[in-house]
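Work through the exercises below with the model open. Try each task before reading its solution.

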Amino acid sequence: MSRRYFAAAVSSLDPEAVNAEYNIMVIGVPNVGKSSLINSLRRLHLKKGKATAVGGEPGVTKAVLTRIQVCETPLVYLLDTPGVLPPKLVSVETGMKLALCGAIRDHLVGEDIMADYLLYVLNRQQQFGYMERYGLPEASDNIRHVLKYVALTLGKTQKVKVLTGTGNVNMMMLNYSAAAYEFLRAFRAGHLGRVTLD
């Protein structure tokens with residue numbers, strides 16, 4: 001619910017009911033901004049700071065919290081709720097889209113798998129901003145190739161022990177997992193262009 005719709009909903013409440021108070025539950029999928037909306041409405045109408053924790057990953061709100069006042073006239077309280085998803089997703093593609101948006105924790109799907117699907121979506125929609133951002137000479141369908149450029153551009157390396165006949169040797173290698181994580185973060189921050197998953 002946007003601020004405009006909230007304002008319209010509040011203004012349509014019965015002005016004759018002077019002592020009325022309204023309790024509204026905010027429900028939606030994980031990580032879409034339910035808590036941020038409540039905090040914004042509170043700042044807008046009451047000029048007060050945030051009342052509920054927010055985060056960039058799903059699962060910050062773990063239970064239905066106490067009522068949070070967001071308006072005085074009329075008296076309106078909102079209840080923040082944890083994000084909800086259907087018990088069974090319609091398709092794997094739907095699950096991947098939800099994961100890319102941050103509605104499902106990254107480690108449950110795997111950053112490398114999500115990065116591969118993201119690359120597929122970007123190429124299908126001819127959104128080649130990743131080429132310029134990471135210095136690729138041309139578009140690629142090979143996620144390992146793209147992540148190599150991401151890792152090189154961002155300096156994502158890791159020390160790895162290699163067993164040799166003469167003993168252990170430490171080598172610096174590209175960290176593809178960290179590169180996949182950064183690729184996803186860039187997408188979520190809008191650095192890879194305006195992309196619609198549906």
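**Exercise 1.** Leaving aside its neighbours within four places in sequence, which residues is Phe183 in contact with?

*Solution.* This is a predicted model: local features need pLDDT of at least 70, side-chain atom pairs count only at pLDDT 80 or more, and totals for chains, interfaces and linings use all residues. Residues are numbered from 1 along each chain as its sequence is written, and side-chain values use heavy atoms, with hydrogens and water left out.

Contact means heavy atoms within 4.5 Å. With those neighbours set aside, Phe183 touches Ala115, Leu118, Leu119, Leu122, Tyr130, Tyr134, Ile143, Val146, Leu147, Val150 and Leu192.

**Exercise 2.** Find the residues of the largest nonpolar core that touch the most other members.

*Solution.* Start with the term: a nonpolar core is a set of buried Ala, Val, Leu, Ile, Met, Phe, Trp, Tyr and Cys residues joined through side-chain atoms within 4.5 Å. Buried means under 20% relative accessible area, exposed over 50%, partly exposed in between (1.4 Å probe, protein chains only). The largest core has 31 residues, and Leu100, Leu118, Tyr130, Tyr134, Phe183 and Leu192 touch the most other members.

Next, assign elements. Helices (H or I, at least four residues) and strands (E, at least two) are DSSP runs, numbered from the N terminus. Two or more core residues come from each of H3 (92–100), H5 (111–124), H6 (129–134), H7 (143–154) and H8 (176–188). H5 gives the largest share, seven residues. A second, separate core has ten residues, among them Val26, Leu37, Ile38 and Val76.

**Exercise 3.** Describe how H3 and H5 pack.

*Solution.* Take the geometry. The angle is about 100° and the axes are 10 Å apart. Axes are lines fitted to C-alpha atoms, for helices over the stretch in contact, and angles run from 0 to 180 degrees between N-to-C directions. Angles under 35 degrees count as roughly parallel, over 145 as roughly antiparallel, 65 to 115 as roughly perpendicular and the rest as oblique. H3 and H5 are therefore roughly perpendicular.

Then list the residues. Glu93, Met96, Lys97, Ala99 and Leu100 of H3 meet Ile113, Met114, Tyr117, Leu118 and Arg124 of H5.

**Exercise 4.** Is Lys34 buried or exposed?

*Solution.* Lys34 is found in helix H2 (residues 34–46). Its relative accessible area is 9%, so Lys34 is buried. Its side chain reaches the backbone oxygen of Val29 at 2.9 Å. Lys34 and Asp80 lie 46 residues apart in sequence, yet 7.0 Å apart in space, C-alpha to C-alpha.

Note on methods:
A polar contact is a pair of N or O atoms within 3.5 Å; within protein, one must be able to donate a hydrogen and the other to accept it, and residues adjacent in sequence count only if both atoms are side-chain atoms.
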